[in-house]
Amino acid sequence: MAWKIGDVSITSVIELDLSVDASFILPDATPENLAPDFDWLKPDFVDEDGKLKFRVQALLVESCGQKIIIDTCVGNDKKRTTPEWSELNGPFLENIAKSGFKREEVDLVICTHLHVDHVGWNTMKVNGKWIPTFPNARYLITQPEFEHWSHEKDQSYAQIFGDSVAPVFEAGLVELVDCNHQITSELQLMPTPGHTPGHCSVAIASRGEEAIITGDIMHHPCQCVHPEWECVADTFPQLAEITRRKFLDRCSGSDTLVIGTHWSASTPVHIIKHKSAWKVKVSSANSIKNAKNKS
Ligand SMILES: [Zn+2]
């Protein structure tokens, strides 16, 4: 899937498409609690059984002549405590190369935050060692995010940092940046803290068109109508809810398109008012005003 926002090209490369129980990510999002919204959640975001559709994808962005990867998924060969994410052996590198992003040609890697499913392809295993997957890229990580996780004592997280963040830092490829860092003249980080301390989204503005790549502000569109539903992995749940509400309020009724990092949408979507909260409006690709499907 590929879209255009003004002059900016965005291609989604999917590593995993899962259907998960509420307990996997959003404990409140049970089939019973989702049922009143099945009319707009099915079939795009919830499956026949009421399970949550949950995508792991990297977004390949071309802006101002730069090849930029936003979030690097789970990665291959990594031992993880979540069975769905452990020791994968997928064709991710082949798929990004097919989309015009050979790993040696990538200029920038942006991690919206440093969780397991956003840093995996930062590195790859070669002769038993973790080496940077994108040897000629700068890896942008926000200062507070790096500070927080580099001091995390939890053993399973330390392993993630050790195999997916430390090797790129030690190779001198990491640039620690502010949470509102200007990436190119068309792309800027947008601070959206709560899920993690230095969590950022990516705002795109080009030729009067706007889109936002969410990162993990929300893991699933059902949080539009229930911004109070917290994710099992939120570091600061209350702050995460405040951030979600601000974000939804900002996008609601505007032309800003939203690209949900874990959302199983085939196009960017709009946010509209719904009940006392919000929901998403999925438009078919050729009727979206701002996002012109490339293919
Ligand atoms: Zn995530």
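Start by selecting β13 (residues 209–213) and strand β14 (residues 257–259), which run parallel and are joined by three bridges. Strands here are DSSP runs of E with at least two residues, helices are runs of H or I with at least four, and both are numbered from the N terminus. Two strands count as paired if DSSP finds at least two bridges between them. Zoom in on Ala211, whose bridge partner in β14 is Leu257.

A word on what you are viewing: this is a predicted model, in which local features need pLDDT of at least 70 and side-chain atom pairs count only at pLDDT 80 or more, while totals for chains, interfaces and linings use all residues. Residues are numbered from 1 along each chain as its sequence is written.

Stay with β13 and color it by burial. Four of its five residues are buried, meaning that 20 or more other C-beta atoms lie within 10 Å of their own; 12 or fewer makes a residue exposed, anything in between partly exposed, and C-beta atoms are placed from the backbone.

Now widen the selection to the open sheet of five strands, ordered β10-β11-β12-β13-β14 with mixed pairing. Its edge strands, β10 (182–184) and β14, each pair on one side only.

Move on to helix α7 (residues 155–164), where Ile160, Phe161, Asp163 and Ser164 are buried. Show the surroundings too: the buried residues of α7 pack against several elements, among them α6 (143–150) and α8 (166–170).

Three loop stops come next.

- Asp77, in the loop between β4 (66–70) and α4 (92–98): its phi is positive, near 70°, and the residue is partly exposed, with 14 other C-beta atoms within 10 Å.
- Asn127, in the loop between β6 and β7: phi is positive here as well, near 50°, and Asn127 counts as exposed because it has 5 C-beta neighbours inside 10 Å.

Finish by coloring the chain by pLDDT, the predictor's confidence in each residue from 0 to 100. The chain averages 94, and 96% of the residues score at least 70.

Key: Contact = placed C-beta atoms within 7 Å.
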